[in-house]
Amino acid sequence: MPELPEVESLRRDLAATLTGKAFTSIDVRLAKQVVAPTGLSTDDLIGRRIEGVRRRAKFLIFDLSDGLALVMHLRLAGQLVHRDAEGTTLAEGGHPVPAYGAPLPHKSTHVIFHFDDGGVLYLTDIRQFGRVWILPEDGVQPLLDQAKLGPEPLDPAFTVDVLRERLARRHRMPLKPVLLDQHVVGGIGNIYADEIIFESKLTPSTRVGELDDAALLRLHAAIQHILGRAVREGVAEILNGKASPTRDFPRVHGRAGQPCPVCGTLVTKAQFAGRGTYTCPSCQPA
Ligand SMILES: [Zn+2]
(Lines give C-alpha, C1' and ligand atoms only; values in the text may rest on other atoms or scores of the structure.)
Protein backbone atom coordinates (compact mmCIF):
# COMPACT_ATOMS: atom_id res chain seq x y z
CA MET A 1 0.00 0.00 0.00
CA PRO A 2 1.44 3.41 -0.88
CA GLU A 3 2.25 5.24 2.37
CA LEU A 4 2.65 8.93 3.15
CA PRO A 5 6.24 9.26 1.86
CA GLU A 6 5.34 7.57 -1.44
CA VAL A 7 2.29 9.77 -1.90
CA GLU A 8 4.24 12.93 -0.96
CA SER A 9 7.06 12.13 -3.33
CA LEU A 10 4.53 11.35 -6.09
CA ARG A 11 2.80 14.65 -5.32
CA ARG A 12 6.05 16.59 -5.74
CA ASP A 13 6.81 14.87 -9.02
CA LEU A 14 3.29 15.31 -10.45
CA ALA A 15 3.17 18.95 -9.35
CA ALA A 16 6.33 19.50 -11.40
CA THR A 17 5.20 17.58 -14.49
CA LEU A 18 1.42 18.26 -14.63
CA THR A 19 0.95 21.84 -13.41
CA GLY A 20 -0.28 23.99 -16.30
CA LYS A 21 -1.47 21.04 -18.40
CA ALA A 22 -5.11 20.94 -19.60
CA PHE A 23 -7.25 17.83 -20.00
CA THR A 24 -8.26 16.94 -23.56
CA SER A 25 -10.01 13.60 -22.97
CA ILE A 26 -10.58 11.03 -20.25
CA ASP A 27 -11.03 7.32 -20.88
CA VAL A 28 -12.80 5.57 -17.98
CA ARG A 29 -12.59 1.79 -18.37
CA LEU A 30 -13.93 0.90 -14.92
CA ALA A 31 -16.80 3.17 -13.94
CA LYS A 32 -16.68 2.52 -10.18
CA GLN A 33 -13.23 4.12 -9.87
CA VAL A 34 -14.61 7.57 -10.72
CA VAL A 35 -17.02 9.23 -8.31
CA ALA A 36 -18.72 12.55 -9.09
CA PRO A 37 -21.70 14.29 -7.51
CA THR A 38 -24.84 14.60 -9.60
CA GLY A 39 -24.28 16.99 -12.45
CA LEU A 40 -20.52 16.48 -12.76
CA SER A 41 -18.67 14.00 -14.98
CA THR A 42 -15.31 13.54 -16.65
CA ASP A 43 -16.65 15.75 -19.49
CA ASP A 44 -16.40 18.69 -17.08
CA LEU A 45 -12.63 18.20 -16.86
CA ILE A 46 -12.02 18.83 -20.54
CA GLY A 47 -10.24 22.12 -21.15
CA ARG A 48 -9.47 22.67 -17.46
CA ARG A 49 -5.89 23.17 -16.34
CA ILE A 50 -4.15 21.65 -13.35
CA GLU A 51 -3.13 24.61 -11.20
CA GLY A 52 -1.39 22.67 -8.44
CA VAL A 53 -1.21 19.36 -6.61
CA ARG A 54 -1.68 19.12 -2.82
CA ARG A 55 -1.72 16.22 -0.39
CA ARG A 56 -3.65 15.46 2.79
CA ALA A 57 -2.61 12.16 4.37
CA LYS A 58 -2.76 9.78 1.39
CA PHE A 59 -5.22 11.84 -0.66
CA LEU A 60 -3.85 13.68 -3.71
CA ILE A 61 -5.75 16.86 -4.55
CA PHE A 62 -5.42 18.39 -8.03
CA ASP A 63 -6.69 21.97 -8.01
CA LEU A 64 -8.15 22.76 -11.43
CA SER A 65 -9.02 25.99 -13.21
CA ASP A 66 -12.54 27.42 -12.87
CA GLY A 67 -13.45 25.99 -9.50
CA LEU A 68 -13.14 22.23 -9.90
CA ALA A 69 -10.89 19.71 -8.19
CA LEU A 70 -9.83 16.16 -8.79
CA VAL A 71 -9.06 14.06 -5.70
CA MET A 72 -7.37 10.66 -5.87
CA HIS A 73 -6.65 7.94 -3.34
CA LEU A 74 -4.56 4.96 -4.44
CA ARG A 75 -5.76 2.78 -1.53
CA LEU A 76 -4.19 -0.73 -1.52
CA ALA A 77 -2.61 -1.03 -4.92
CA GLY A 78 -3.21 2.00 -7.13
CA GLN A 79 -0.46 3.37 -9.35
CA LEU A 80 -0.17 6.66 -11.24
CA VAL A 81 2.20 7.00 -14.19
CA HIS A 82 2.63 10.24 -16.15
CA ARG A 83 4.23 9.75 -19.58
CA ASP A 84 4.96 12.34 -22.24
CA ALA A 85 3.80 12.20 -25.87
CA GLU A 86 6.79 9.97 -26.73
CA GLY A 87 5.96 7.51 -23.92
CA THR A 88 8.83 8.52 -21.64
CA THR A 89 7.91 8.27 -17.95
CA LEU A 90 7.95 11.71 -16.29
CA ALA A 91 6.57 10.72 -12.90
CA GLU A 92 5.28 7.54 -11.29
CA GLY A 93 4.28 6.30 -7.90
CA GLY A 94 2.18 3.78 -6.05
CA HIS A 95 2.09 0.07 -6.53
CA PRO A 96 3.89 -0.95 -9.77
CA VAL A 97 1.77 -3.32 -11.86
CA PRO A 98 3.16 -5.69 -13.00
CA ALA A 99 6.54 -3.90 -12.65
CA TYR A 100 8.12 -0.48 -13.04
CA GLY A 101 8.28 0.53 -16.69
CA ALA A 102 5.50 -1.82 -17.88
CA PRO A 103 3.82 -0.97 -21.20
CA LEU A 104 0.65 1.07 -20.54
CA PRO A 105 -2.27 0.88 -20.71
CA HIS A 106 -2.88 -2.77 -19.81
CA LYS A 107 -5.81 -4.76 -18.40
CA SER A 108 -5.50 -3.22 -14.93
CA THR A 109 -5.30 0.37 -16.26
CA HIS A 110 -8.76 1.72 -15.50
CA VAL A 111 -8.64 5.50 -15.97
CA ILE A 112 -6.57 7.35 -18.61
CA PHE A 113 -6.25 11.14 -18.66
CA HIS A 114 -4.98 12.81 -21.86
CA PHE A 115 -3.43 16.29 -21.80
CA ASP A 116 -2.99 19.11 -24.31
CA ASP A 117 0.76 18.48 -24.72
CA GLY A 118 0.17 14.84 -25.69
CA GLY A 119 1.08 13.58 -22.23
CA VAL A 120 -0.97 10.86 -20.54
CA LEU A 121 -1.67 10.03 -16.88
CA TYR A 122 -2.52 6.36 -16.28
CA LEU A 123 -4.32 5.08 -13.19
CA THR A 124 -3.62 1.38 -12.87
CA ASP A 125 -5.15 -0.55 -10.00
CA ILE A 126 -5.03 -4.33 -9.75
CA ARG A 127 -7.25 -4.32 -6.63
CA GLN A 128 -9.71 -1.68 -7.92
CA PHE A 129 -10.07 0.05 -4.51
CA GLY A 130 -8.49 3.30 -5.70
CA ARG A 131 -10.83 6.23 -6.28
CA VAL A 132 -10.97 9.42 -8.33
CA TRP A 133 -13.42 12.10 -7.20
CA ILE A 134 -14.48 14.98 -9.45
CA LEU A 135 -15.69 17.77 -7.18
CA PRO A 136 -16.38 21.48 -7.01
CA GLU A 137 -13.46 23.00 -5.08
CA ASP A 138 -15.64 23.55 -2.01
CA GLY A 139 -16.42 19.82 -1.97
CA VAL A 140 -12.83 18.81 -1.22
CA GLN A 141 -12.74 19.68 2.48
CA PRO A 142 -16.02 17.86 3.29
CA LEU A 143 -14.64 14.74 1.56
CA LEU A 144 -11.45 14.93 3.64
CA ASP A 145 -13.46 15.62 6.80
CA GLN A 146 -15.44 12.42 6.21
CA ALA A 147 -12.20 10.44 6.41
CA LYS A 148 -11.57 11.84 9.95
CA LEU A 149 -7.84 11.95 9.29
CA GLY A 150 -5.34 12.36 12.09
CA PRO A 151 -2.81 15.20 12.03
CA GLU A 152 -0.12 15.48 9.34
CA PRO A 153 3.00 14.00 10.95
CA LEU A 154 5.41 16.25 9.01
CA ASP A 155 3.52 19.45 9.79
CA PRO A 156 5.11 21.71 12.44
CA ALA A 157 1.73 21.67 14.24
CA PHE A 158 2.29 17.96 14.98
CA THR A 159 3.94 18.36 18.40
CA VAL A 160 4.66 15.84 21.16
CA ASP A 161 1.56 17.14 22.95
CA VAL A 162 -0.59 16.46 19.89
CA LEU A 163 0.80 12.92 19.72
CA ARG A 164 0.19 12.38 23.45
CA GLU A 165 -3.38 13.58 23.10
CA ARG A 166 -4.03 11.28 20.09
CA LEU A 167 -2.57 8.28 21.93
CA ALA A 168 -4.43 8.95 25.19
CA ARG A 169 -7.71 7.84 23.63
CA ARG A 170 -6.22 4.44 22.85
CA HIS A 171 -4.09 3.82 25.93
CA ARG A 172 -4.92 0.12 26.20
CA MET A 173 -3.95 -0.69 22.62
CA PRO A 174 -0.57 -1.95 21.38
CA LEU A 175 1.64 0.59 19.62
CA LYS A 176 1.77 -0.82 16.10
CA PRO A 177 -1.95 -0.90 15.28
CA VAL A 178 -2.28 2.55 16.85
CA LEU A 179 0.38 3.93 14.50
CA LEU A 180 -1.42 2.30 11.57
CA ASP A 181 -4.74 3.89 12.56
CA GLN A 182 -5.22 6.80 10.13
CA HIS A 183 -7.34 8.61 12.72
CA VAL A 184 -4.34 8.82 15.08
CA VAL A 185 -1.67 10.05 12.65
CA GLY A 186 -2.36 10.38 8.92
CA GLY A 187 -0.32 8.38 6.44
CA ILE A 188 1.71 5.75 8.34
CA GLY A 189 1.54 2.25 6.86
CA ASN A 190 3.15 -1.10 7.61
CA ILE A 191 6.69 -0.39 6.40
CA TYR A 192 7.20 2.90 8.20
CA ALA A 193 5.39 1.73 11.35
CA ASP A 194 8.09 -0.95 11.71
CA GLU A 195 10.84 1.59 11.02
CA ILE A 196 9.41 4.11 13.49
CA ILE A 197 9.07 1.52 16.26
CA PHE A 198 12.63 0.28 15.63
CA GLU A 199 14.01 3.83 15.67
CA SER A 200 12.14 4.49 18.95
CA LYS A 201 13.59 1.30 20.54
CA LEU A 202 10.03 0.28 21.43
CA THR A 203 8.14 -2.88 20.55
CA PRO A 204 5.03 -3.32 18.39
CA SER A 205 3.17 -4.76 21.39
CA THR A 206 3.99 -1.94 23.86
CA ARG A 207 0.69 -0.61 25.28
CA VAL A 208 0.57 3.05 24.40
CA GLY A 209 -0.61 3.90 27.93
CA GLU A 210 2.71 2.54 29.24
CA LEU A 211 4.88 4.97 27.26
CA ASP A 212 6.66 7.39 29.61
CA ASP A 213 7.64 10.92 28.58
CA ALA A 214 11.06 9.84 27.31
CA ALA A 215 9.51 7.11 25.16
CA LEU A 216 6.91 9.54 23.80
CA LEU A 217 9.65 12.00 22.85
CA ARG A 218 11.58 9.23 21.08
CA LEU A 219 8.43 8.07 19.28
CA HIS A 220 7.55 11.59 18.15
CA ALA A 221 11.08 12.25 16.91
CA ALA A 222 11.14 8.88 15.11
CA ILE A 223 7.84 9.57 13.30
CA GLN A 224 9.21 12.84 11.92
CA HIS A 225 12.69 11.50 11.22
CA ILE A 226 11.63 8.32 9.41
CA LEU A 227 8.86 9.88 7.31
CA GLY A 228 11.00 12.94 6.55
CA ARG A 229 13.92 10.76 5.48
CA ALA A 230 11.67 8.63 3.28
CA VAL A 231 10.29 11.70 1.52
CA ARG A 232 13.76 13.24 1.06
CA GLU A 233 15.77 10.23 0.03
CA GLY A 234 13.23 8.39 -2.01
CA VAL A 235 10.87 5.78 -0.87
CA ALA A 236 11.11 2.08 -0.19
CA GLU A 237 11.27 0.24 -3.47
CA ILE A 238 8.34 -2.10 -3.95
CA LEU A 239 8.79 -5.31 -5.93
CA ASN A 240 6.08 -7.95 -6.26
CA GLY A 241 4.02 -6.11 -3.68
CA LYS A 242 6.71 -6.32 -0.97
CA ALA A 243 9.14 -3.69 0.21
CA SER A 244 12.51 -4.62 -1.20
CA PRO A 245 15.34 -3.05 0.78
CA THR A 246 17.94 -2.64 -1.96
CA ARG A 247 19.58 0.23 -0.05
CA ASP A 248 20.10 0.80 3.66
CA PHE A 249 16.52 2.00 4.09
CA PRO A 250 14.16 0.60 5.31
CA ARG A 251 16.49 -0.61 8.08
CA VAL A 252 14.47 -3.55 9.48
CA HIS A 253 11.29 -3.91 7.41
CA GLY A 254 11.70 -6.67 4.81
CA ARG A 255 15.07 -7.76 6.28
CA ALA A 256 14.25 -10.96 8.20
CA GLY A 257 17.45 -12.96 8.80
CA GLN A 258 19.75 -10.01 8.00
CA PRO A 259 21.89 -8.32 10.65
CA CYS A 260 20.39 -5.35 12.48
CA PRO A 261 22.18 -2.21 11.20
CA VAL A 262 22.69 -1.04 14.81
CA CYS A 263 23.81 -4.16 16.71
CA GLY A 264 24.19 -7.03 14.22
CA THR A 265 21.55 -9.28 15.81
CA LEU A 266 19.46 -10.97 13.12
CA VAL A 267 16.19 -9.19 12.34
CA THR A 268 13.13 -11.35 12.97
CA LYS A 269 9.72 -11.37 11.32
CA ALA A 270 6.46 -12.22 13.07
CA GLN A 271 2.78 -11.68 12.42
CA PHE A 272 1.46 -8.95 14.69
CA ALA A 273 -2.12 -7.74 14.54
CA GLY A 274 -2.36 -9.46 11.17
CA ARG A 275 0.63 -7.68 9.60
CA GLY A 276 4.13 -8.93 8.81
CA THR A 277 6.22 -7.17 11.46
CA TYR A 278 10.01 -6.84 11.60
CA THR A 279 12.02 -6.14 14.75
CA CYS A 280 15.52 -6.48 16.22
CA PRO A 281 15.21 -8.64 19.35
CA SER A 282 18.22 -6.88 20.94
CA CYS A 283 17.45 -3.24 20.15
CA GLN A 284 13.75 -3.76 20.89
CA PRO A 285 13.60 -6.07 23.94
CA ALA A 286 10.08 -7.01 25.00
ZN1 LIG B 1 19.65 -4.33 16.88
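Helices (H or I, at least four residues) and strands (E, at least two) are taken here as DSSP runs, numbered from the N terminus. The model is a predicted one, in which local features need pLDDT of at least 70 and side-chain atom pairs count only at pLDDT 80 or more, while totals for chains, interfaces and linings use all residues. Residues are numbered from 1 along each chain as its sequence is written, and side-chain values use heavy atoms, with hydrogens and water left out.

K148 is located in the loop between helix 2 (140-146) and helix 3, and its phi is near 45 degrees, a positive value in a residue other than glycine. K148 counts as exposed, with a relative accessibility of 59%, where exposed means over 50% relative accessible area, buried means under 20%, and partly exposed lies in between (1.4 Å probe, protein chains only). A57, for which phi is near 50 degrees, lies in the loop between strand 3 (50-56) and strand 4 (59-64); A57 is buried, its relative accessible area being 2%. In a further loop, between strand 7 (89-94) and strand 8 (109-115), P105 is found, and the peptide bond that joins L104 and P105 is cis, with omega about -5 degrees.

Two packed helices are described by the angle between their axes and the distance between the axes. The axes of helix 5 and helix 6 (residues 213-233) come within 8 Å and cross at roughly 130 degrees, where axes are lines fitted to C-alpha atoms, for helices over the stretch in contact, and angles run from 0 to 180 degrees between N-to-C directions. Helix 5 and helix 6 are therefore oblique to each other, since angles under 35 degrees count as roughly parallel, over 145 as roughly antiparallel, 65 to 115 as roughly perpendicular and the rest as oblique. On the side of helix 5, the contact (heavy atoms within 4.5 Å) is made by Y192, E195, I196 and E199, and on the side of helix 6 by L219, A222, I223, H225, I226, L227 and A230.

I196 also belongs to the residues with the most contacts inside the largest nonpolar core, which has 27 residues, the others being L167, L179, L219 and I223. Such a core is a set of buried Ala, Val, Leu, Ile, Met, Phe, Trp, Tyr and Cys residues joined through side-chain atoms within 4.5 Å. At least two residues of this core are supplied by each of helix 3 (160-168), helix 4 (175-180), helix 5 and helix 6, and the largest share, eight residues, comes from helix 6. Apart from this core lies another, of 26 residues, which include L14, I50, L70 and M72.

When its neighbours within four places in sequence are left aside, D194 is in contact with K176, V252, H253, G276, T277 and Y278. G274, by contrast, counts as exposed at 64% relative accessibility and is found in the loop between strand 13 (268-272) and strand 14 (275-279). Although G274 and P177 are 97 residues apart along the chain, their C-alpha atoms are separated by 9.5 Å.
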